[in-house]
Amino acid sequence: SVAERQREMEHSSHSMMGPTGFGSESYDANNSTSSLGGGYSSNFSSFSPTKKAKDPVTILDIGKESEKLKVMKDIIANMAAGVDNSEFYPHVVKCVACKSTELKRLVYMYLVRFAEEVPDVALLSIATFQKGLSNPNQFVRASSIRILASIRLPVIVPILQLALKQASTDMSPYVRKVAAHSLPKLLSLAPNESEVVMEILEKLLYDRTTMVIGSVIMAFEEICGERLDLIHAQYTKLCSLLIDVDEWGQIAIINMLVRYCRANFMDPNELDEIGEKSFFSDEEKSNDDGDDDDDDD
């Protein structure tokens, strides 16, 4: 009858929308892995699998340069925050042969920071660092010198000597500046090579670039501060360039010039004892007063 058919339809409707129906939160999703809006479900997960995030080590080893650049930016940011990322050194050192200049800059920044802690690993790419000494980019040349100077192994001494000799005549003032800062490291690593170090230092002392001369005087003070005889030919130049040198270089130059003047110039206050006229004698002062009176008249 019609009444029985209506009861059957209501029963089927209640069974679908009841506690286990589509509209219930406790709907059994064993046959569905991805829930969509409106209470429906689908198996889209089987058609669009999610990609697993790559490990930074994997990216540094076999990733694209764009991916390596992102990883290196994160590593450098962590370094700036004080995080120890030395465990990445064997993987970062493989990236020194990259073509991207931006990536190469970050790689060299990292290698300079940790080269002293893992010198054996740094030796694996020594050929690449030597090749970087002739790179057109001055930053790459300077960074190569820094890394070579940071490898504290005796085997690196001959290579570092040749690199510093070449850098001391480089066209870039920045490279010559880095070479000057590397001289004390070479001397501390190989004290018996003092003659080579002094030869390079004397050559750099004749540099007239304000960017370089401050670093050269710093190296001079650390290597042979007592050799003031080397300053005789440079005294006038240092006095004239002093005003244009950076602040740290000015401090080093002024301190050195004070010692030089005390050692090579007579004390003006002691000139009277040897019968010579002092700077501000009474006679000069009286003459100056007489000139002032004449001007007033």
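In this predicted model, Arg227 is found in the loop that runs between helix H12 (210–224) and helix H13 (235–241). With a relative accessible area of 31%, Arg227 is partly exposed, because that class covers values between 20% and 50%. The side chain of Arg227 makes a polar contact of 2.9 Å with the side chain of Asp229. When neighbours within four places in sequence are left aside, Arg227 is in contact with Met198 and Phe220. The C-alpha atom of Arg227 is separated by 9.8 Å from that of Tyr260, a residue 33 places away along the chain.

Helix H14 (residues 247–264) contains Glu247. Glu247 counts as exposed because its relative accessibility is 58% and the class begins over 50%.

The chain has 297 residues, of which 38% count as buried. Among contacts between residues at least 6 apart in sequence, 60% join residues at least 24 apart.

H3 has 16 residues and reaches 22 Å from its first C-alpha to its last, close to the 22 Å expected at 1.5 Å a residue. The buried residues in H3 are Lys68, Leu69, Val71, Met72, Ile75, Ile76 and Met79. In an α-helix there are 3.6 residues a turn, so residues three or four places apart point the same way. The list of buried residues in H3 includes Lys68, Met72, Ile76 and Met79, and the elements that cover the buried residues of H3 include helix H2 (56–62), helix H4 (89–92) and helix H5 (101–114). After H3 comes Gly82, whose phi is positive, near 90 degrees.

Helix H8 (residues 138–150) contains Ser150. Ser150 counts as buried because its relative accessibility is 2%, and the class takes in values under 20%. A polar atom of the Ser150 side chain lies 2.7 Å from the backbone oxygen of Arg146. Beyond neighbours within four places in sequence, Ser150 is in contact with Val112, Ala115, Glu116 and Lys185.

Rolling a probe the size of a water molecule over the atoms shows where empty space is left. The count comes to 1 cavity of 30 Å³ or more, and about 40 Å³ of space lies in the largest cavity. The residues that line the largest cavity are Leu133, Arg141, Ile145, Ala163, Gln166, Ala167, Asp170 and Val175. H8 and helix H9 (157–167) are the elements that give two or more residues to this lining. H9 gives the most, with 3 residues. By class, the lining of the largest cavity has 5 nonpolar, 1 polar and 2 charged residues.

Methods. Residues are numbered from 1 along each chain as its sequence is written. This is a predicted model: local features need pLDDT of at least 70, side-chain atom pairs count only at pLDDT 80 or more; totals for chains, interfaces and linings use all residues. Side-chain values use heavy atoms; hydrogens and water are left out. Helices (H or I, at least four residues) and strands (E, at least two) are DSSP runs, numbered from the N terminus. Buried means under 20% relative accessible area, exposed over 50%, partly exposed in between (1.4 Å probe, protein chains only). A polar contact is a pair of N or O atoms within 3.5 Å; within protein, one must be able to donate a hydrogen and the other to accept it, and residues adjacent in sequence count only if both atoms are side-chain atoms. Contact means heavy atoms within 4.5 Å. The expected span of a helix is 1.5 Å times one less than its number of residues. On a 1 Å grid over the protein atoms alone, a cavity is a set of points where a 1.4 Å probe fits but cannot get out, and a pocket is an open set with protein on both sides within 12 Å along at least five of seven lines; lining residues have an atom within 4 Å of a point. Grid points are joined across faces, edges and corners, and a volume is the space filled by probe spheres set on the points. Ala, Val, Leu, Ile, Met, Phe, Trp, Tyr, Cys and Pro count as nonpolar, Asp, Glu, Lys and Arg as charged, and the others, Gly among them, as polar.
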